[in-house]
Protein chains: 2
Amino acid sequence: MGCELCEGEGGSILWRDDFCRVVRPVVPEYPGLLRVILRRHVAEMTDLAPAERRRLMETVFACEQALRSLFRPDKVNLASLGNQVPHLHWHVIARHRDDAHFPNPIWSPGLRTAAPSPAVSDQALREALERVLGVKAA
Amino acid sequence: MGCELCEGEGGSILWRDDFCRVVRPVVPEYPGLLRVILRRHVAEMTDLAPAERRRLMETVFACEQALRSLFRPDKVNLASLGNQVPHLHWHVIARHRDDAHFPNPIWSPGLRTAAPSPAVSDQALREALERVLGVKAA
């Protein structure tokens, strides 16, 4: 009955404030996959007040910007699904033409072995996020 | 070389202004699937100015609200992918526990025959969108 995003971090923490956190889960095929996770246990964007929706999306777009600068993706994918874990979280995914599923969504059957991605450290992502979002105490 | 979202509407038009349109494509398994399509041919959210990103997301959230009121979904899924058609468009999808893919994304392999969904007309969706977004000339 527990919620894994209330009870665990969901990946390496790259940035956080009192409202949400940005994590990088271990997904070998997608090193450029970040998640933005709301701190509160809420299911839908329209359960949030309009100013909160904007605040969460600003963090999502900061992730997109950081991924674009570091991974030079062919496309960025954004998704808030939550069918399995109904606790608001956004997937922000750097996609490349030679990744495992392109041009299909990463949740579709795999098409090929992914080509190696650029090696990007957590620290490089942290710095890129802080340039957009500012530094926050952990 | 053409873009199908520049050249075609992409579904029945439910709402539009000079910035974006809301359409309902024919997807028999998902009558509660709407798309919000930017008028301009732009690939990524961070290609837009911050005020434009907010404007597009407000339309996405209006769709979520309309779908919640008319389909009573178990979850709403939001996604901007665009790997095949790199022209900004958001999928806003009412999901039900007995739909064809739940709890997986709709792009994953089907799990079952979808249970019949509530019959919701285009007109009911138009009226629900206009309640949130106001009436706009077509």
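Predicted model: local features only at pLDDT ≥ 70, side-chain atom pairs only at ≥ 80, totals over all residues.
User: What angle, and how far apart are the axes?

Analyst: Helix α2 (residues 50–71) and helix α3 (residues 122–133) of chain A pack at about 130°, with axes 9 Å apart. Angles run from 0 to 180 degrees between N-to-C directions of lines fitted to C-alpha atoms, for helices over the stretch in contact. Helices are DSSP runs of H or I, at least four residues, and strands are runs of E, at least two.

User: Which residues make the contact?

Analyst: From α2(A), A:E58, A:T59, A:A62, A:C63, A:Q65, A:A66, A:L67, A:S69, A:L70 and A:F71 take part. From α3(A) come A:A124, A:L125, A:A128, A:L129, A:V132 and A:L133. Contact means heavy atoms within 4.5 Å.

User: How does that split by class?

Analyst: The contact of α2(A) with α3(A) has 12 nonpolar, 3 polar and 1 charged residues. Asp, Glu, Lys and Arg are charged; Ala, Val, Leu, Ile, Met, Phe, Trp, Tyr, Cys and Pro are nonpolar; the others, Gly among them, are polar.

User: Now across chains. At what angle do α2(A) and α2(B) cross?

Analyst: Roughly 120°, with the axes coming within 11 Å. That makes α2(A) oblique to α2(B).

User: Which residues meet there?

Analyst: A:R53, A:R54, A:M57, A:E58 and A:F61 of α2(A) meet B:R53, B:R54, B:M57, B:E58 and B:F61 of α2(B). By class, this contact of α2(A) with α2(B) has 4 nonpolar, no polar and 6 charged residues.

User: Switching to backbone. Is the bond from B:F102 to B:P103 cis or trans?

Analyst: Cis, with omega near 5°. In chain A, a cis peptide bond joins A:F102 and A:P103, with omega about 5°.

User: Where do those prolines sit?

Analyst: A:P103 is in the loop between β5 (89–95) and α3 of chain A. B:P103 is in the loop between β5 (89–95) and α3 of chain B.

User: What about the phi of A:R72?

Analyst: A:R72 is not a glycine, yet its phi is positive, about 45°. A:R72 sits in the loop between α2 and β4 (75–80) of chain A.

Key:
Residues numbered from 1 in each chain as written. Chains lettered and ligands numbered in written order. Heavy atoms only, no water. Parallel < 35°, antiparallel > 145°, perpendicular 65-115°, else oblique.
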